[in-house]
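Welcome, and please take a moment to look over the model shown here. A short tour follows.

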Amino acid sequence: MPSPQELGTLLSAWIKAGETWKGKLEIDWHDCRVGLLLPEAEADPYKGCGAGYTHCRITVDRDVTPCVVLPVAVGNLKKHSFAEIWRSAPELHKIRSRDNISSGNCSVCEHKVKCGGCRAASYAWYGDAYAGDPTCWIKPDMPEFGSGTSCKREVRG
């Protein structure tokens, strides 16, 4: 896993590659902070963490999760339509509101509304999708992240 600083460097390199290859190759990013790195005119499409806001995942069991890497089911297509889940699932409403980010670096960051941190990284590291983002290089939450320390929660399989 790259450190937050390595991730920031990588995204900056991708942005530069996007400028170099503009018109020949479209480079897209899936990172909540990319909008903070782009010129304002290009940053508008990036609204921060898109979990439950711009995308979701549907598993083979028909569970709907807010993000492809956030394993929290918010509904199941065997019981409800996608439209009903997307519009009404309480957990989707909760994750869409940055006001629910309750602890860590994201809760006090000046970019909270525009970025919101990665909710999947928060869940993976802390077991709480509403805590800080341990992968952030803008306002680091975990200086030891990426240095060989282990995850704070038990992985259950």
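A residue counts as buried when its relative accessible area is under 20%, as exposed when it is over 50%, and as partly exposed in between (1.4 Å probe, protein chains only). Helices (H or I, at least four residues) and strands (E, at least two) are DSSP runs, numbered from the N terminus. This is a predicted model, in which local features need pLDDT of at least 70 and side-chain atom pairs count only at pLDDT 80 or more, while totals for chains, interfaces and linings use all residues. Residues are numbered from 1 along each chain as its sequence is written, and side-chain values use heavy atoms, with hydrogens and water left out.

Let us begin with the whole chain. It has seven helices and three strands, arranged along the sequence as α-α-α-β-β-β-α-α-α-α. With contact meaning heavy atoms within 4.5 Å, 47% of the contacts between residues at least 6 apart in sequence join residues at least 24 apart. The table gathers some overall values.

| Item | Value |
|---|---|
| Buried share of the 157 residues | 38% |

Next, helix α1, residues 4–20. Which residues of α1 are buried? They are P4, L7, G8, L11, I15 and G18. Seen down the helix axis, these buried residues fall within an arc of 100°, so they line one face of α1. The arc is that of the directions from the helix axis to the C-beta atoms. An α-helix has 3.6 residues a turn, so residues three or four places apart point the same way. The buried residues of α1 pack against α2 (34–37), whereas T9, K16 and T20 are exposed on the face turned away from the buried side.

Now for a loop. R62 sits between β1 (57–58) and β2 (63–65). Its phi is near 70°, a positive value in a residue other than glycine. R62 is partly exposed, with a relative accessible area of 45%.
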